[in-house]
Amino acid sequence: MMGGMSPFVTDEPHSLGSGWISGTIGASLGIAAAALCVCVAFPDWFATPFAREHAPAGTRALLVAALGVAAALGLFSLCLRRKKTLGMVALAAAATGAIALAFARSARVESSPGASVELPWLALDVFALNLVLYAAVFVPVERLRPRLSQPTFRVEWWTDLAWFASSALLVQVTAVLVPAPGLALAAALPKVAEFARALPLVVQFALVVLCADLVQYWVHRACHRVPFLWRFHAVHHSAEAMDWLAGSRLHLVDALLTRALVFAAIAVLGFDLRAVAAYLVFVGAQATFVHCNTALRLSWLEPFLVTPRFHHWHHARELQDVNFAVHLPWLDRLFGTWSMPSGWPQGYGLAGGAKGWRGFWRQMVGPFVGRAS
Ligand SMILES: [Zn+2]
Ligand SMILES: [Zn+2]
């Protein structure tokens with residue numbers, strides 16, 4: 001179900017008046033709004049503690065409006081478009097959201113009082129908001145300046161959406177596991193923190209980026225060299241279509257290892273939390289952007305900051321073990337792994353193909369059992 005041809009792949013045009021824009025916006029808005037309605041109906045299970053406490057009073061009215069807009073866009077697309085999938089998805093999502101809201105009629109957005117122990121929850125709100133935010137920023141970039149003419153809902157889109165969803169939903173798990181080693185280390189070495197915290201915030205932010213990418217570079221390079229680590233990292237490289245969602249294909253073991261070590265370095269140096277928060281927003285946006293299917297010309301930026309063309313060469317089928325940095329391309333120059341041929345790669349993915357590695361569950365379980373290539 002997750003792999004193979006997407007039901008959204010079609011020869012129909014994507015231009016204005018084809019029902020594609022209304023269908024896409026309607027379906028995305030509908031799915032996100034429906035997910036947030038489920039959060040409102042079952043806050044203890046599906047909402048982050050922060051959202052339970054701080055959700056604004058008008059949340060429900062806003063969701064009703066969003067469901068209405070999604071349904072209207074879905075109907076509009078159904079009228080214009082021969083292939084009805086997008087319109088039907090928008091309508092089904094709006095209906096699901098409405099049912100969830102009806103269910104939550106008497107419930108509140110905040111958590112039930114008296115629960116002192118934090119129970120497991122899935123961050124459906126993080127998933128819905130991230131999906132809408134990233135899609136709203138990066139899909140237009142890809143449509144306006146595409147690198148390859150591929151549909152937004154391309155082959156294996158559902159696989160990558162499943163990875164995107166898994167990392168968002170499991171925020172509670174990563175929020176505990178990622179900082180644990182770093183906080184333990186930092187507690188043992190309190191002196192360094194005083195120095196870092198005295199610096200201006202902008203300088204701290206720059207240092208966090210430098211320090212994070214330095215650690216990320218070597219962990220990433222190790223993931224390519226050490227066979228056991230490559231099993232997990234190969235999942236990221238099995239993507240054969242590059243776009244804003246492709247970068248989400250990151251095995252949980254890969255993500256936890258990289259993030260825990262990056263965080264350990266940041267925690268030991270004891271940066272201000274505001275600088276760390278700014279870095280988290282920055283890394284989320286840049287990691288998404290560098291995978292985008294966009295030919296946006298950024299040659300002036302290429303020496304200083306990783307661009308889509310730089311990271312696309314990291315994913316090239318014909319070139320291996322180059323361009324490990326995520327933020328600062330000159331780290332690759334410094335350590336001898338920099339490569340920027342003119343133009344773009346011929347193809348993306350694993351050198352030997354991704355046989356047997358199609359679909360979310362195969363990619364999730366596969367690395368524990370064997371290797372991809
Ligand atoms: Zn890699
Ligand atoms: Zn990548």
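Q: Is Glu156 buried or exposed?
A: This is a predicted model, and in it Glu156 counts as buried, because it has 23 C-beta neighbours inside 10 Å, where 20 or more are needed.

Q: Where does Glu156 lie?
A: Glu156 lies in the loop between H6 and H7.

Q: And what is the phi of Glu156?
A: The phi of Glu156 is near 65°, which is a positive value in a residue other than glycine.

Q: What about the helices on either side, at what angle do H6 and H7 pack?
A: Helix H6, residues 124-144, and helix H7, residues 157-169, pack at an angle of about 130°, and their axes are 8 Å apart. That angle makes H6 oblique to H7, and the crossing in which H6 passes H7 is right-handed.

Q: Which residues meet there, between H6 and H7?
A: From H6, the residues Leu124, Val126, Phe127 and Asn130 meet Ala165, Ala168 and Leu169 of H7. Sorted by class, this contact of H6 with H7 has six nonpolar residues, one polar residue and no charged residues.

Q: Switching to another pair, how do H11 and H12 pack?
A: Helix H11, residues 201-225, packs with helix H12, residues 227-237, at an angle of about 105°, with the two axes 6 Å apart. H11 is therefore roughly perpendicular to H12, since angles of 65 to 115 degrees are counted that way.

Q: Which residues are in that contact, and how many are charged?
A: On the H11 side, Ala222, Cys223 and His224 meet Leu229, Trp230 and His233 in H12. By class, the contact of H11 with H12 has four nonpolar and two polar residues, and no charged residues.

Q: Back to backbone angles, what is the phi of Asp321?
A: Asp321 has a positive phi of about 60°, although it is not a glycine. Asp321 lies in the loop between helix H15, residues 308-314, and helix H16, residues 330-334.

Q: Buried or exposed, that Asp321?
A: Asp321 is exposed, because 11 other C-beta atoms are found within 10 Å, and the limit for that class is 12 or fewer.

Q: Last topic, the overall layout: into which domains is the protein chain divided?
A: The protein chain is divided into domain 1, residues 20-121, and domain 2, residues 173-369. The centres of domain 1 and domain 2, taken over C-alpha atoms, are separated by 32 Å.

Conventions. Residues are numbered from 1 along each chain as its sequence is written. Chains are lettered from A and ligands numbered from 1 in the order in which they are written. This is a predicted model: local features need pLDDT of at least 70, side-chain atom pairs count only at pLDDT 80 or more; totals for chains, interfaces and linings use all residues. Axes are lines fitted to C-alpha atoms, for helices over the stretch in contact, and angles run from 0 to 180 degrees between N-to-C directions. Helices (H or I, at least four residues) and strands (E, at least two) are DSSP runs, numbered from the N terminus. Angles under 35 degrees count as roughly parallel, over 145 as roughly antiparallel, 65 to 115 as roughly perpendicular and the rest as oblique. A crossing is left-handed if the near helix is turned anticlockwise from the far one by less than a right angle, and right-handed if clockwise. Two residues are in contact if their C-beta atoms, placed from the backbone, lie within 7 Å. Ala, Val, Leu, Ile, Met, Phe, Trp, Tyr, Cys and Pro count as nonpolar, Asp, Glu, Lys and Arg as charged, and the others, Gly among them, as polar. Domain bounds come from an automatic or database domain assignment.
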